[in-house]
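Please keep the sequence and the structure open while reading.

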Amino acid sequence: MKAYLMFPQADFDLEREPPQHAEALVQDLELDTLFDAMADDDKFLRQVARCALLTAFDTTPEIVRHRQAILRDCLAHQSAVRELYQITLDVLDLDKQVYLSFMTKYPSSIMHRSLKLMHLQIDMLRRLRRMADGEGRKFASEGFAKLFQLVREEISDQYFAELNDHVEQLKLRKGALISARLGTLNRGVDYCLRRYPKPEGPWYKRLLQKKPESYVFELPERDETGATALAELADRGCNEVANALAQAAEHITHFFAMLRTELAFYIGCLNLRERLCELRADICFAEVAAAGEYREAFEGLYDVCLALNMQRSVVGNDLAGDGRHLFVITGANQGGKSTFLRSIGIAQMMLQCGMYAPAKRMCANLCDGLFTHYKREEDASMKRGKLDEELYRISEIIDHLSPRSMLLFNESFAATNEREGSEIARQVVRALAEAGVKMFFVTHLYDFAESLYQTPPEGTLFLRAERRDDGGRTFRVVEGAPQATAFGTDLYAQVFAESA
């Protein structure tokens, strides 16, 4: 059986390698805060959340909508989903309850352990079936509907009847009935464990019937060699059954392990939603478009990691940027530009993997890669200067970009003077804009921003951090032309006024 909760026709691979720039994304977008909120101190949930977010750049609108529909179900039936997740945990915990013998190389030991494990698994399968018959019928998404329908079909009443019959037979209450034949040099071959024939006729007639002719021998009490020989014969007869039983138990365990992994993503989403509800923060299910369509429109988009760190709701931003693929963001210092840029990146990753978006409304296109080029501290190894290090990183990023990628710049190329930094930024940005790469560029380089404003590449939108007349910051980003000042005097007045 397959769960298919993450992909319509494929399993979720928890061992998939993240992209090479994954650590840069985690650092620049402060994703550890998001992972921690989804994990709620559970290491496995954190591992799944990290993998789902960092490897979601090959998704399609169909995959995203598949997950969104399932997540809607999860939000509507949280207690049932958490109960289903608990069933998977209980199944995977059964191995710890079954004594693992040191003699597992012997078929009889393997059969005994597998039989005990399967006996416990039957109870868990019954719990799953009861959920499918009850709460499962309330789920509306295609993913959950298929899962519960599969459970009802595969784990039917007939399945339980046959399974219980096999388990009862394999308890071997009457001992092991084994057949064999003589092979070369009169050696035993084709050992096979047999069912005891079902008794025929009423019991009182069976009492009077003559028993079939048989040959019996008994071992002396202290004949260890004979006991070992009989045990070896029993192991030969049980070998195929032991393997089949072990594979059957492992198959059940594997199904619940996969179900646990895929449910863990949605449990993480529920954990995050609970945290955001406490902060009274909005969420929405974004409308997604295919990569390359240049859709970017939202209302009330906020930095979810900032909200989680500050433990309160934060200022959101609106944008109407459909048809644009270059966004140049300028404005006052401490005005919210970097926060706005981070909110774009986090929301993109959340919608890519089918999560809700931290906004009142959002529509965006998917991308096949998300890259960040943020300023860094001085290279501690002293191998490169700051500008050299920036140029090296952008060169590496460009090697992995495609026209369907998204690139976030934050104060890039500011490690040299304005004239040189502006010229470098102009050449890089114009070349990438011609290639069709979607970019958000936060900058204080007025020469660079103004030159683009005078002769903007096709599909460019200029944004500016809002500032009140009294110097106050609204932390909102609005459409606006670049300004020659970043209003650093506001900060100077604020700091020295506080010092006084």
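In this predicted model, the largest cavity holds about 40 Å³ of space, and the count of cavities of 30 Å³ or more comes to 1. Its lining is made up of Gly-292, Tyr-294, Asn-365, Leu-366, Cys-367, Pro-403, Arg-404, Ser-405, Met-406 and Lys-438. Sorted by class, the residues that line the largest cavity are 5 nonpolar, 3 polar and 2 charged. Rolling a probe the size of a water molecule over the atoms shows where empty space is left.

Aromatic rings are the next topic. The model has 12 aromatic pairs. Another tilted pair is formed by Phe-298 and Phe-340, with 6.2 Å from centre to centre and 50° between the planes. Since Phe-298 belongs to strand S4 (residues 296-301) and Phe-340 to helix H13, this pair ties together parts that are 42 residues apart in sequence. Phe-298 and Phe-340 are likewise buried. Ring pairs also link Phe-409, Phe-413, Phe-441 and Phe-448 into a cluster.

| Charged residue | Ring | Distance from charged end to ring centre |
|---|---|---|
| Arg-67 | Phe-7 | 4.7 Å |
| Arg-260 | Phe-44 | 3.6 Å |

In each row the charged end sits over the ring, that of Arg-67 over Phe-7 and that of Arg-260 over Phe-44. Thr-88 lies in helix H5 (residues 78-92). Is Thr-88 buried or exposed? With a relative accessible area of 0%, Thr-88 is buried, because buried means under 20%.

Leaving aside residues up to four places away in sequence, Leu-233 touches Ile-178 and Tyr-191. The C-alpha atoms of Leu-233 and Tyr-191 are separated by 8.1 Å, although the two residues are 42 residues apart along the chain.

In helix H1 (residues 22-29), the buried residues are Ala-22, Leu-25, Val-26, Asp-28 and Leu-29. These pack against helix H2 (31-39), helix H3 (43-54), helix H12 (304-310), helix H13 (337-352), strand S8 (370-374) and strand S9 (406-410). After H1 comes Glu-30, which has a positive phi, near 55°.

In helix H16 (residues 446-454), the buried residues include Phe-448, Ala-449, Glu-450, Ser-451 and Leu-452, and Phe-448 is also one of the residues in the ring cluster described above. The elements that cover the buried residues of H16 include strand S6 (326-331), helix H15 (418-435), strand S10 (438-442) and strand S11 (460-467).

Definitions and conventions:
Residues numbered from 1 in each chain as written. Predicted model: local features only at pLDDT ≥ 70, side-chain atom pairs only at ≥ 80, totals over all residues. Heavy atoms only, no water. Buried < 20%, exposed > 50% of the residue type's maximum accessible area, 1.4 Å probe, protein only. Helix = DSSP H or I, 4+ residues; strand = E, 2+ residues; numbered from the N terminus. Contact = heavy atoms within 4.5 Å. Phe/Tyr/Trp six-rings, centres within 6.5 Å; stacked < 30°, edge-to-face > 60°. Lys NZ or Arg CZ within 6 Å of the ring centre and 35° of its normal. 1 Å grid on protein atoms, 1.4 Å probe; cavity = no way out; pocket = protein on both sides within 12 Å on 5 of 7 lines; lining within 4 Å. Points joined across faces, edges and corners; volume = space filled by probe spheres on them. Nonpolar A, V, L, I, M, F, W, Y, C, P; charged D, E, K, R; others polar.
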